[in-house]
Structures are given as C-alpha cells and as structure tokens.
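Biologist: I would like to learn how to read a structure feature by feature. Could you walk me through one?

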Amino acid sequence: MNADKGFRGIRTVESEPYQLPGAVTDILLQGGRFLNAVATDERHRKDVVAFVLRYFFATECGATASSAYTAVSARIPAERPSYASVTSILPAAAWAERESHDLFGLVPVGHPDLRPLVLHEHWPQGVYPLRKDYPLERRQTYVDASWTYPKVDGEGVFEVPVGPIHAGIIEPGHFRFQVMGDSVLHLEPKLFYTHRGLEKRVEGLDVSSGLPFAEQVCGVCSVSHAISYATAAESLSGVTIPIRASYLRVLVAELERLYNHVGDLGNICAGIGYAYGSTAGSALKEQLLRANAALTGHRYLKGSVALGGMAVDVTERQLLELERALSRIEPRVEDLVQAVVTDDVVQNRFRKTGVLSVQNALNLGVVGPAARASGLPLDVRRDQPYLAYDALQFEVPVQAEGDVFARYWQRLLEARQSFSLIRQVLNRLPEGPVKEPIEDYPKESYAVGVTESPRGENFHFLATDEAGRIARYHVRSATYANWPAVAKAVQGNIVPDFPLINKSFELCYACCDR
Amino acid sequence: MLGPLRKRWNLGHLTEADEHLERRLKAASCRLFGRSLHVRHVDSGSCNGCEFEAMALLNPLYDMQRFGLDFVASPRHADLLLVTGGVTRNLEQAVVRTFEATPLPKLLVAVGACALDGGMIGPTYANRGGVDKLFPVTVYVPGCPPSPMDILDGMVTAVERAEEWDSQKRT
Ligand code: SF4
C-alpha cells in the first residue's frame, strides 16, 4: 500500500486491472463504504499512458474530510481497455462500471448487465465521448436499435410503459412496469434522458470558472453541489476558507435542506392526491424560497457560494428578518405534518408501502434521508465533518421501518434539526472576511469534495491537467446512488402506489444524468 | 379573491405588477381562448430549477388557475407548450413527438437560459443547445431559473402575440 502525496491526502491503493476485486474486498473488509468509481483518460500523460479507474471509499468515520477517503486505483491499458468487474461483490458499483463502459469504452469483464446506461441505444457503438480525443460538440447520427431489458414472462403478466414525458411538471424518465393484476413484479427504469454532457463541457476550463456549472448539475441542490465543487477546488489549492464563510455555508446549505424537505412534506401528499397537504406544503415552501431571496438575492441560493468562501455576505438586518421568517414558518410546518399524519387515509396509504429493507439499502449503497429512514445511520455532516458542522450541535435521526411513512416522517425530523442548526448559526456567526483569494491550482492533481445534500451524499471529483485547468470533473449525486433502490422498493406494491413511493424518495433526474 | 389567503399566509397585498398582469391576461385569453388557456410542460433536459418555478405557479400564492390557465396532462389538450431545458439527445425524439401532438397554434414558450440557447452548457455531443434549433419559439423567458411571475408574464405575452397573428390572418 503506498500513500500518494500528490493526491491531496487521499490514501491510494494501486491495483492491477484484474486484481481489482481483491483490492476492493480488502477495503470493504476494513469497513470501507463505497462512494463511486471514476474513470479518467490519461493516455496523453507520459507518466501514465493509460486510462485510470479509481474506486473511492469512505474509510474513516469522524476523520476530517481529507483523510477520510481511500481510492483503489488501476491503470487500464489503452490497447486493451478491460478489467475485472467488482459488481458481483459490490452491487453498488454496477452503474459506475456501466457508465465508464459507455463513456470511455472500459470493459468490466464479468459484469452481469452491461447494457447501455448513459447513452441510449441510439448512440453508435464504439464511440466514446468522454475520451480526450473526442471533440465536445461532435454529434452522432441516431442508430436504429431497440431497448432491451429484463422481462417477466407468464400468463396474466402485462407491461405498462410510462414516460419519458410525464403528465405532471416533473423531469423525464421512462418506467416499464411488469404487472400481474395490480401488483408490480418488476420495474425497469430507463433514465439519463437529461444527460447534457456537463462533465465534458467543463474540461479545459479554469478551475475558477467551473463553479456555475456545478450549480447547474441540479437546480434544487445547487448549494450542496457548489460546496462540493468548492471543497474539491479548495483542497486542491490548499486554501482554508475564513471561519465566517464556513458558518455562512452551513446557513445556506441548511436553508436548502429546509425548502426541499418542507416542499417534500407537501409534495409526498400529492402522491395520494391529498390536496390539503400538498397545497399547504407548497405555500410554506414558497415562503422559504422568498426568505432565501431576501437573504442572498436568489430563490434557490445560486451564486451565494464562491471559491475560497462566500460570494455574498449578510447584514445583521437580513439575519433578523430571516429569524423572524423562520419562526413564523416553523410552527406551521409542525401543524401541517400533524394534520397530515393524523389522517386515516394517509396512515393507510403511507404505512408499509414501498418498504426498503436495511439489507437492500446497504447493498445498493443508498444514502441520505432514504437510508436513514431504513435504519442506516449515515450522514456526511457527522461522519466526515466539513465546514462548521463539528462545532454545531445536531442529531442524525434514524428510523427502522423504511416505508413511505418513515421517509415522510424523516423529513420532519431532519427539518427540525435544520431549523436548530440555522438558529445556532444566527446566534454565533463569527465576524470577519468571507472570502480567501485563491492564487492558483496545482497541476496534474485531483481532489474530492463530499457534502450532505437534502437528498443525501454528493460526491465530486475534480482533476487538473498539465496547465492547472480542469482535466476531468465527475459528479455522483445522491440520486445516482438511490435510483436502483426505488426499483427495489416498488416491487410487490401496486401500480397506483408508484407515484407515492417515487415521491417519498424525491430523486431528481438532472443530477443523476448530468 | 386572494385577499384572505394572502392574509392567512402573511404575504402582503397583490402588487401593482400582479394586477397589471392579471388585466392583460384576462383581456387576451378571454378573446382568444375563451378564458381557458391550457399549458403542457415539457422538460427537454433541464436541471429541475425551472420545473420548480413552473410548479410554484400552482401554489396558493400565485395560483395560476385563477386566470383560467392550467397545466394539462396531454399535449393534445394544450394550446401552449412550456419548454424547459436545451433539448438533450436522449429526449429529442420525445420532444418532437410532443410538439407534433400539440394542436395549432402550437404556442411555445422557452423557459430559462437552457431553453434559450443551451445556457452555459450550450451545444455538446448530448445537447442541442436551445429549443429554437428544432421549433419556432413564440416567447423567450430568460433567467436561471426565471421567477414564477416571469414565466406567467411569458405565457401572457405568447397569448397576446397569438392574438396579433390571429387578427393579421383575418385581415
Ligand atoms: S435555465 Fe437554469 S434553472 Fe433553468 S434548467 Fe437551465 S440551468 Fe436549470
């Protein structure tokens, strides 16, 4: 095992491409938790001349962010780009391996399901857009090929296709239900409709201009993505952000969690057509958005985070107004949830629906509120503390049931913690500057940035090239980790409960597809 | 009509701009669409930000339905398409089919920087970079994301334009 100092404190274990399963098993046995696998094209680097595949794990709980992660890295030779798949021992790696097959042409030998993922079947075979020799804007013609997917056969088994364009105002995804009567035997989701090529787009840009792209990974977790990106950039450059900025980042991150969680407390009710809940929830969310705008000038807090700290500072008066707004909203959130959960219809539909077992959650690497509602005590804010979180008091609520009701209730438990965190920040906000200038970024290095977004853990990987510009940027959002769990949770439920189960996970598509 | 609700949610009064918009919309949609304009939202590859703002139009603070506007489930019922996102490769076919299924006059409001010209991401191997690369756009609504009121304003403007076209056709 050799520690590679060039890589910003991330412990690196080198492995041969065909020894990967063994190396990965070692880390798993040491208690490592899988985050993601990231492929890079480093064929043009004289000291590498190959593709590199890195599997990232969170290995130390309670450690500071930079020493908490371990990478298992393998050089995949350019002339024969293949390696031994780890999916059979680590199901959570299935998508990451399929993705690097789609985008880089790296073949995971032994992968149980190597269908196209990110680029749909109409993309020509053998064309790999994230390789360095593929120009950003080159388009491909549509290939005539049909989508293949696992099917259930038998008398009385029918198929129900839904999407990608849905009836409501939601993002696009295609779902194939195989049903017997009303019960779902199998759900095959087809995602990545909103794959925009964002990761390729930022390659070659200065690290300093990448931040707005990070915010566009997802419009409603934009703060969390911005902080992930900024953390990676700051750990590359070795800059520590001012203490006031680290409190202010907590403030905006918790405001983001709040508007999302409160919105969900309403929106999940829409899954059963319970109009009071969804209407009252949306009105409360709107008030939180307005409070965001009053504080930072943007309803979704975009543009508030900067590299090296914060782009905006706040005045005493703004903080007072925020406090007043929140103390008006908080009791209303409690009222809303009280009214909702005491309703018989809600109890009837929410309880024991869409159960995600702790074992499934663990195997699939589920994160965020969905994991915590299924009994997995994970929270980056506590486990790998960043910003001012280790100086603030909060609890990480965990429940055991893993059904829709648990995920609903989880939002309230977490919103309470967010209200309390915000209040602590308001009371103890240190004085001082909010931004530390960053002079330059090291060349040919990489760093990661991990944060807890409203939907769970967001992982960003940022590597620089020989000129210190962005060589590779990769985002694994919480949604990406959680999608496979939705298909599992739906199994055995009835079709009309799908919208409800789906909403209880509240996964976006854009940050999954990028 | 919104008075009591606004009071309950502690939101102050309707602004002058709100009232002006309301008047414009009533005038235009009354004449042309019998005071019932049906809107179909199409996500052509957005980041979910624009969706949240379009969705906000239905909350009790904006309550778009009070103007006779509503979101509908099928493009076949729609007078106006509200498109967010810059048309990704994986969605192109679905977006084209939605447009084809929409009856005339196929008003199209492009919402957000992405729908305008692809925004910061622009054209890539997987993204067209702008709705107008495929279809004629009636109104562009800039912003990232545009506020709910901006989106509403965009739709009102589209209806007013439709009316201009309509009267030109008649003369
Ligand atoms: S315009 Fe902005 S908010 Fe709207 S989809 Fe594009 S990036 Fe997202």
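Modeller: Gladly, and let us begin with pairing: two strands pair if DSSP finds at least two bridges between them. Keep in mind throughout that this is a predicted model. With that in hand, β12(A) and β13(A) form a hairpin with two residues between them. Strand β12 covers residues 446-453 of chain A, and its pairing with β13(A) is antiparallel, over eight bridges.

Biologist: Which residue is the bridge partner of V450(A) in β13(A)?

Modeller: That is F459(A). F459(A) also stands opposite R476(A) in β14(A), which takes us to the next pair of strands. Strand β13 (residues 456-464) and β14(A) are antiparallel too, with six bridges between them.

Biologist: How many residues lie between the strands in the hairpin of β13(A) and β14(A)?

Modeller: Five, and in that hairpin G468(A) takes a positive phi near 80°.

Biologist: Are these strands buried or exposed, and how would I decide?

Modeller: The cut-off you need is that a residue is buried when its relative accessible area is under 20%. By that test, nine of the nine residues of β13(A) are buried, so the strand is mostly covered. For β14(A), residues 470-476, the count is seven of seven, and therefore the strand is largely enclosed by the rest of the structure.

Biologist: Now helices. What should I keep in mind when I look at which sides are covered?

Modeller: The general idea is that an α-helix has 3.6 residues a turn, so residues three or four places apart point the same way. Now take helix α2 of chain A, residues 94-104: 10 of its 11 residues are buried, so this helix is largely enclosed by the rest of the structure. Among the buried ones are W95(A), R98(A), E99(A), D102(A) and F104(A). Just after α2(A) comes G105(A), with a positive phi of about 75°.

Biologist: Can we look at single helix residues as well?

Modeller: A325(A) sits in helix α8 of chain A, which runs over residues 316-341, and it counts as buried because its relative accessibility is 10%. A325(A) is 35 residues from R290(A) in sequence, while their C-alpha atoms are 9.5 Å apart in space. In chain B, T157(B) belongs to helix α6, residues 148-170. T157(B) counts as buried because its relative accessibility is 19%, against a cut-off of 20%.

Biologist: Leaving aside neighbours within four places in sequence, which residues is T157(B) in contact with?

Modeller: R24(B) and V139(B).

Biologist: You have mentioned positive phi for glycines. How should I read backbone angles in general?

Modeller: Most residues other than glycine have a negative phi, and most peptide bonds are trans. Here are some cases that depart from that pattern. F192(A) is not a glycine, yet its phi is positive, about 65°. F192(A) lies in the loop between β9 (183-190) and α3 (198-202) of chain A, and with a relative accessible area of 1% it is buried. N48(B) is also not a glycine and has a positive phi of about 85°. Its place is the loop between β1 (37-43) and α3 (49-56) of chain B, and at 5% relative accessibility N48(B) is buried.

Biologist: And where is the peptide bond that is cis?

Modeller: Between C144(B) and P145(B), where omega is about -15°. P145(B) is in the loop between β5 (139-141) and α6 of chain B.

Biologist: Let us zoom out. How do I read the overall form of chain A?

Modeller: Start with its elements: chain A has 16 helices and 14 strands. Its radius of gyration is 22 Å, close to the 24 Å that the globule rule gives for 514 residues, so chain A is as compact as a globular protein of that length. The C-alpha trace spans about 70 × 65 × 45 Å along its principal axes. Of the 514 residues, 63% count as buried.

Technical notes
Residues are numbered from 1 along each chain as its sequence is written. Chains are lettered from A and ligands numbered from 1 in the order in which they are written. This is a predicted model: local features need pLDDT of at least 70, side-chain atom pairs count only at pLDDT 80 or more; totals for chains, interfaces and linings use all residues. Side-chain values use heavy atoms; hydrogens and water are left out. Helices (H or I, at least four residues) and strands (E, at least two) are DSSP runs, numbered from the N terminus. Buried means under 20% relative accessible area, exposed over 50%, partly exposed in between (1.4 Å probe, protein chains only). Contact means heavy atoms within 4.5 Å. The radius of gyration is taken over C-alpha atoms; the globule rule is 2.2 Å times the number of residues to the power 0.38.
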